[in-house]
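Here is a short report for a first look at this structure. Keep the model open while you read.

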Amino acid sequence: MINDIFDDVGFGVGCALYADDGAIWKRGRNTKQVISGMQTAINKVEEWSIECSFKMSTSKSSYMIFSRKKEDFKDIKLLLYGKPLEQVKSFKYLGMWLDGRYTWNKHIEEIDKKCRRVLNVMRAIAGKEWGAERDSMITIYQALIRSTVDYGCMIYGSASESLLIKRHLYNIKKIVGKKCINGRNRKEEVIMTRMRLGHSRLNASLFIIGVHETGLCENCGEKETVEHVIYNCKRFDEERKELISYLNERGKVNKDLTYLLGYDFNRDRVGYRMLIEYIYTTGLSERI
Ligand SMILES: [Zn+2]
């Protein structure tokens, strides 16, 4: 029933509905025309609701103006059941904070706040000599920070570079990065950390941020993940032999990389060198 709520909103009005969370929008240069189009659409939705004996909440409904003009749009009135709707400057829709000037400022601020809370907990439980081990820290990072940052990143990725990097997200990654790096060759550590965090320039990662069309390996047609290039990619069958037979001997071949990227592996000097060599001879070092 609710699925046809926006069926009749009129030409040029966009709509989206997710469960009972709906939005309609209209765009144009002429503010007056846009507003009158929107009011007509709201009236249609209102009619639909009366026909279906369905009451929408006026207190939970609001409207927002998206514009980069300097106008303040204060005189605009949109009515639902004869009551004026509240005009808001930002609004959370399906987990994304929208702001009227498309800066994504609010959304990034919210991600930043959320991630900082997690980081404070991580700081509290991590210690050099004691505390949560690196593996647990990475699990926490992936579950609570990475997922938050990744959600909707193809959309808010259009925010200005300075907002994304200088002010917020870069700092978060830096703090997490520091937690995971200690000693050894800096470049190798960076490679190991990137593989652990799943941040790389492999196609599957590029796909997540919207800069690769499929995320698949051009050679094998499978998802090009860290796991794929280390264990499965046919391009590197030859280079891989030595590493795999070494791991086999020790009973350490597990397809989910838990040993290779795990804490114990740090103490396995021979295995560690073999993995690093594999990453360099295959040229993967340039893509991770
Ligand atoms: Zn492949």
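Among contacts in the protein with a separation of 6 or more, 55% join residues 24 or more positions apart. The model is predicted. The protein holds 10 helices and 8 strands. Of its 288 residues, 17% count as buried.

**Confidence**

The mean pLDDT of the protein is 82. A value of 70 or more is reached by 88% of the residues.

| Element | Residues | Mean pLDDT |
|---|---|---|
| Helix H5, lowest | 161-180 | 54 |
| Strand E3, highest | 62-63 | 94 |

Over residues 178-183 the pLDDT falls below 50. Beyond near neighbours in sequence, that stretch has 10 contacts in the model.

**A helix pair**

Look next at helix H2 (residues 105-125) and helix H3 (residues 134-150). Their axes come within 9 Å and cross at roughly 170°. An angle over 145 degrees counts as roughly antiparallel, so H2 is roughly antiparallel to H3. H2 brings Ile111, Lys114, Cys115, Val118 and Met122 to the contact. H3 brings Met137, Ile140, Leu144, Ile145, Thr148 and Val149. By type, the residues of this contact are 9 nonpolar, 1 polar and 1 charged.

**The core**

The largest nonpolar core has 16 residues. Within this core, Val226, Val229 and Leu275 touch the most other members. Helix H6 (186-197), helix H8 (226-232) and helix H10 (269-281) are the elements that each give two or more residues to this core. Leaving aside residues up to four places away in sequence, Val226 touches Met195, Gly198, Ser200, Leu202 and Leu257.

Technical notes. Residues numbered from 1 in each chain as written. Predicted model: local features only at pLDDT ≥ 70, side-chain atom pairs only at ≥ 80, totals over all residues. Core = buried A, V, L, I, M, F, W, Y, C linked by C-beta atoms within 7 Å. Buried ≥ 20, exposed ≤ 12 C-beta atoms within 10 Å, placed from the backbone. Helix = DSSP H or I, 4+ residues; strand = E, 2+ residues; numbered from the N terminus. Contact = placed C-beta atoms within 7 Å. pLDDT = per-residue confidence, 0-100. Axes fitted to C-alpha atoms, helices over the stretch in contact; angles between N-to-C directions. Parallel < 35°, antiparallel > 145°, perpendicular 65-115°, else oblique. Nonpolar A, V, L, I, M, F, W, Y, C, P; charged D, E, K, R; others polar.
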